[in-house]
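I opened a new notebook page for this chain.

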Amino acid sequence: FELKERPRLSRFIFNGVTKSEREDLEEKIDLARGNVVTDALIKNAAYRIKEYYLEKGYLNVKVDIAPPIKDTILDNNVILKVNVDKGNK
């Protein structure tokens, strides 16, 4: 058996949101640098983002988390890109 450590979160990038929304989302989804990136972490983040916008009245929100991108600066770290399309209220 050959075991590999799962990559860790280096940083995350939000596209399609304002600065204040980004700060609120960072608190709500509770992502921190150094967390191990798993499928569950990605799905939970997408769910919490959708939940945040549903509370704000955006019923057609679409959240797309791109596949993790290797971080060239840190070894065994990845960058998550979160694309949010709020749609209409």
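The entries below follow the order in which I looked things up.

**Ground rules.** I am working with a predicted model, where local features need pLDDT of at least 70 and side-chain atom pairs count only at pLDDT 80 or more, while totals for chains, interfaces and linings use all residues. Residues are numbered from 1 along each chain as its sequence is written, and side-chain values use heavy atoms, with hydrogens and water left out.

**Entry 1, the core.** I started with the largest nonpolar core and found 23 residues in it. A nonpolar core here is a set of buried Ala, Val, Leu, Ile, Met, Phe, Trp, Tyr and Cys residues joined through side-chain atoms within 4.5 Å. Buried means under 20% relative accessible area, exposed means over 50%, and partly exposed is in between (1.4 Å probe, protein chains only). F14, I49, Y53 and I65 have the most contacts inside this core. I then asked which elements supply at least two residues each. They are β1 (8–15), α1, α2, β2 and β4. The most comes from α2, with 7 residues. These labels are DSSP runs numbered from the N terminus: helices are H or I with at least four residues, strands are E with at least two.

I listed what F14 touches, leaving aside neighbours within four places in sequence. Contact means heavy atoms within 4.5 Å. The partners of F14 are R22, L25, E26, I29, I49 and V82.

α1 spans 19–29 and α2 spans 39–56. I noted an angle of about 125° between α1 and α2, and their axes are 10 Å apart. Axes are lines fitted to C-alpha atoms, for helices over the stretch in contact, and angles run from 0 to 180 degrees between N-to-C directions. The angle makes α1 oblique to α2. Under 35 degrees would count as roughly parallel, over 145 as roughly antiparallel, and 65 to 115 as roughly perpendicular; the rest is oblique. Which residues meet here? From α1, I wrote down E21, D24, L25, K28 and I29. From α2 come A45, R48, I49, E51, Y52, Y53 and E55.

**Entry 4, β2.** β2 covers 62–65. I checked both faces of β2: V63 and I65 are on the covered one, K62 and D64 on the uncovered one. β2 runs antiparallel to β4, and 4 bridges join them. Two strands pair if DSSP finds at least two bridges between them. I65 stands opposite V82 in β4.

S10 touches R33, D71, L74, N77 and V78, not counting residues up to four places away in sequence.

P68 sits in the loop between β2 and β3. At 41% relative accessibility, P68 is partly exposed. Beyond four places in sequence, P68 is in contact with V37, I42, V78, I79 and L80. I42 is 26 residues from P68 along the chain, and their C-alpha atoms are separated by 9.7 Å.

D30 has phi near 55°, a positive value, and is not a glycine. D30 lies in the loop between α1 and α2. D30 is exposed, at 58% relative accessible area. N76 also is not a glycine, and its phi is positive, about 60°. I placed N76 in the loop between β3 (69–70) and β4 (77–85). N76 counts as partly exposed, at 31%.
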